[in-house]
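Dear colleague,

Please find below the structure that I am handing over to you, together with its sequence. My notes on what was found in it follow directly after.

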Amino acid sequence: QGQLVESGGGLVQPGGSLRLSCTASIDIESADVLNWYRQVAGKAREAIAAVTKPAVTWYEDSVEGRFTISKDVAKNMMFLDMANLGPEDTAVYYCNARRLGLGGYDYWGQGTQVTVSS
């Protein structure tokens with residue numbers, strides 16, 4: 001059973017930046033896709049960024065141009081660099097590693113709170 005652990009959340013002022021990290025106990029090169037999700041209180045969890053095995057990235061419209069997803073396969077880590085943060089980015093952020101097909105898996109971190117407020 002794989003484990004993912006997020007870190008780097010906290011309180012940041014509007015317009016500020018933050019880097020979230022996710023450390024995996026699995027070989028992240030085995031994942032078909034690595035994702036970052038976020039969940040605002042009272043709302044459904046939503047995908048905001050993804051990077052596939054061949055390093056193709058995808059971003060949800062509201063974070064495109066402000067957030068950057070990356071991975072370090074040597075360290076089994078993934079990152080979410082967030083810039084120009086606004087109050088609407090306040091949420092619990094989750095990392096996810098997913099492998100499809102036979103032998104597949106779907107691992108989640110426990111979440112890290114990001115609060116954007118002055």
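This is a predicted model: local features need pLDDT of at least 70, side-chain atom pairs count only at pLDDT 80 or more; totals for chains, interfaces and linings use all residues.

Gly-111 touches Glu-6, Val-92, Tyr-93 and Tyr-94, leaving aside residues up to four places away in sequence; contact here means heavy atoms within 4.5 Å.

Residues are numbered from 1 along each chain as its sequence is written, and side-chain values use heavy atoms, with hydrogens and water left out.

The overall fold

The protein has zero helices and 11 strands. For its 118 residues, a compact globule would have a radius of gyration near 13 Å, and the 14 Å of the protein agrees with this; the radius is taken over C-alpha atoms, and the globule rule is 2.2 Å times the number of residues to the power 0.38. Along the principal axes, the C-alpha atoms fill a box of roughly 45 × 25 × 25 Å. Of the 118 residues, 42% count as buried. Among contacts with a separation of 6 or more, 54% come from residues 24 or more positions apart.

The four-stranded sheet

Four strands form an open, antiparallel sheet in the order E1-E3-E8-E7; two strands pair if DSSP finds at least two bridges between them. Strands E1 (4–7) and E7 (67–72) stand at the edges with a single partner strand each, so one side of each has no neighbour in the sheet. From one strand to the next, the twist averages 15 degrees, based on axes fitted as lines to C-alpha atoms (for helices over the stretch in contact), with angles running from 0 to 180 degrees between N-to-C directions.

Strand E8 (residues 77–82) pairs with E3 in the antiparallel sense over six bridges. Across this pairing, Arg-19 stands opposite Asp-81, and Ser-21 stands opposite Phe-79. E8 also runs antiparallel to E7, to which six bridges join it, and there Lys-71 stands opposite Met-78. The hairpin of E7 and E8 has four residues between the strands, and in it Asn-76 takes a positive phi near 55 degrees. Five of the six residues of E8 are buried, so this strand is largely enclosed by the rest of the structure.

The hairpin of E9 and E10

E9 and E10 pair in the antiparallel sense over four bridges, with Arg-98 opposite Asp-106. Five residues lie between the strands of this hairpin, where Gly-101 takes a positive phi near 80 degrees. The covered face of E10 holds Tyr-105 and Tyr-107, whereas Asp-106 and Trp-108 are on the uncovered one.

The nonpolar core

Which residues have the most contacts inside the largest nonpolar core? They are Trp-36, Leu-80, Met-82 and Tyr-93, in a core of 30 residues. Such a core is a set of buried Ala, Val, Leu, Ile, Met, Phe, Trp, Tyr and Cys residues joined through side-chain atoms within 4.5 Å. Leu-80 touches, beyond residues up to four places away in sequence, a group including Leu-18, Trp-36, Ile-48, Phe-67 and Tyr-93.

The disulfide

The structure holds one disulfide, a term for a pair of cysteine sulfur atoms within 2.5 Å. It joins Cys-22 to Cys-95, with an S to S distance of 2.1 Å. Cys-22 lies in strand E3 (residues 18–24) and Cys-95 in strand E9 (residues 91–99), so the pair ties together parts that are 73 residues apart in sequence. The torsion about the S-S bond of Cys-22 and Cys-95 is about 65 degrees, so the disulfide is right-handed. Both Cys-22 and Cys-95 are buried.

Yours sincerely

Terms used: Helices (H or I, at least four residues) and strands (E, at least two) are DSSP runs, numbered from the N terminus. Buried means under 20% relative accessible area, exposed over 50%, partly exposed in between (1.4 Å probe, protein chains only).
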